[in-house]
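Q: Could you take me through one part of this structure in detail? I am curious about a patch on its surface, and I would be glad to hear how the rest of the chain looks around that topic.

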Amino acid sequence: MKSFNNIFYGKKVLITGHTGFKGSWLSMWLLQLGAKVYGISKDIPSDPSMFESLKLENDIETNFADIRDIDSVSKIINDIKPDFLFHLAAQAIVSTSYENPLDTISTNVLGTANILESLRSYERSCTAIIITSDKCYENVEWEWGYKETDLLGGKDIYSGSKGSAENVFHAYYHSYFIKQNHPVRIGSARAGNVIGGGDWAKDRIIADAMRSWSKDDILKIRSPQATRPWQHVLEPLSGYLAFAQNLYSNSELNGESFNFGPNSDQNHTVSQLLDDLYAFWSENENNESGYQIVNEIPFDEAGLLKLNCDKALFHLKWKSVLDYQECITMVGSWYKDFYDKKDMHAKTFEDIDMYENLASERELKWKKST
């Protein structure tokens, strides 16, 4: 039984940023779907690393290169000759964007342009999904979810770089990929506030919590009442895969952008997320808190941001699978197994399989089929 109409079986799939958190989960899923997976990454971005924990170097042909180097990127793409490409490589940490704005802009904007430029002269059929972020929207912190037609922008460097990457995507599509005889089809995908096992990135709430709690330390947080549409990493990844499947078979989706986020009732504050995860992690019944609120806020953070995913539901028949508690359970159980030194390769495959089974039970369009 395979999901996504078995479209990835036996295909060459290239993932940029495959050594990162989302890239590692996507690599595992595609391997489970029978794809031949290749990767481009600058380095191993964290220690611990999900990529290393899963021993993915044994299953994937890794090419270490900087996506800002157009010659290297073009050579790798033309050597591999991928059928599908997922562009995830990015500078994805907001705090780092304040410290190194030019590095963030060059990676997220020029890096994306280099992928598109390499595909512009690609002479084989390829379906490419360019992943940006929900931060690409000009956030006015209203209670409605942003639609794909809403204004792009950003009041900080990271958001601005993601909005700019979307503009580069849009310009390349209308300049080159819109042509009927071009063998490459492209689309952009927007998601954010992804959580899940294996995230060890700097200044990410779950990664910081697990680093602290695993040492019996108290986590220090800045904005406990900030509200986010928390979603397990498999949710947007299922969207990217469903988008690629549909784009591959339907030329009318060429150049389109899609949001992928949880149901509107999945919005929860940082404090609630941490309280629920800590209760699962510590298995205590005393309502103890695993965090302490501090006053130092080194940079501005949005208080509210969520997406409208009606377009993905209409065109791709995609919607999220997990409810909030299922998401918390999956995140907590992955980290508990990691610190208990379990086989994380097997655990991650089990989580993917469980997620696919839930999608099948809930009659999602991309569900498993015989």
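Which residues form a nonpolar patch on the surface, and about how much accessible area do they have together?

A: Happy to. The nonpolar surface patch consists of Leu-102, Ile-105 and Ile-157, which together have about 260 Å² of accessible area. A patch here takes residues with over 30% relative accessible area and no salt bridge, joining nonpolar side chains (Val, Leu, Ile, Met, Phe, Trp, Tyr) within 5 Å and like charges within 9 Å. The areas come from the Shrake-Rupley method with a 1.4 Å probe, and for residues only the protein chains shown count as cover. A salt bridge, in turn, needs a side-chain nitrogen of Lys or Arg within 4 Å of a carboxyl oxygen of Asp or Glu.

Before going on, please keep in mind that this is a predicted model, in which local features need pLDDT of at least 70 and side-chain atom pairs count only at pLDDT 80 or more, while totals for chains, interfaces and linings use all residues. Residues are numbered from 1 along each chain as its sequence is written, and side-chain values use heavy atoms, with hydrogens and water left out.

Helices (H or I, at least four residues) and strands (E, at least two) are DSSP runs numbered from the N terminus. Leu-102 counts as exposed because its relative accessible area is 68%; the classes are buried under 20%, exposed over 50% and partly exposed in between, with a 1.4 Å probe and protein chains only.

For the setting as a whole, the protein chain holds 12 helices and 13 strands. Of its 370 residues, 56% are buried. Along the principal axes, the C-alpha atoms fill a box of roughly 65 × 45 × 40 Å.

Asp-47, Glu-52, Glu-57 and Asp-59 make up a negative patch. For charge, Lys and Arg are positive and Asp and Glu negative, with His and the chain ends not counted; each charge is placed at NZ of Lys, CZ of Arg, CG of Asp or CD of Glu. Glu-57 belongs to the loop between helix 2 (50-53) and strand 3 (61-64), and its relative accessible area of 42% makes it partly exposed.

Asp-47 is joined to Pro-48 by a cis peptide bond, with omega about 5 degrees, and Pro-48 lies in the loop between strand 2 (36-41) and helix 2. In the loop between helix 2 and strand 3, Lys-55 has a positive phi of about 55 degrees although it is not a glycine.

Now for charge pairs. Side chains of opposite charge can pair when their charged atoms come close. The whole structure has 14 salt bridges. One of them pairs Asp-208 with Arg-211, whose closest N and O atoms are 2.7 Å apart. Asp-208 and Arg-211 are separated by about one helical turn, because they are 3 residues apart in helix 7 (residues 205-213). Asp-208 is partly exposed at 22%, as is Arg-211 at 25%.

Glu-256 and Lys-311 form a salt bridge at 2.6 Å, N to O. This pair links distant parts of the chain, 55 residues apart: Glu-256 is in the loop between helix 8 (234-249) and strand 11 (257-259), and Lys-311 in helix 10 (residues 310-316). In the salt bridge between Lys-342 and Asp-337, the N to O distance is 3.8 Å. Salt bridges with shared partners join Asp-66, Arg-68 and Asp-103 into one network.

Finally, a look at a buried residue. Phe-4, found in the segment before strand 1 (12-16), is buried at 0% relative accessibility. Phe-4 and Trp-366 are 362 residues apart in sequence, yet their C-alpha atoms are 4.9 Å apart in space.
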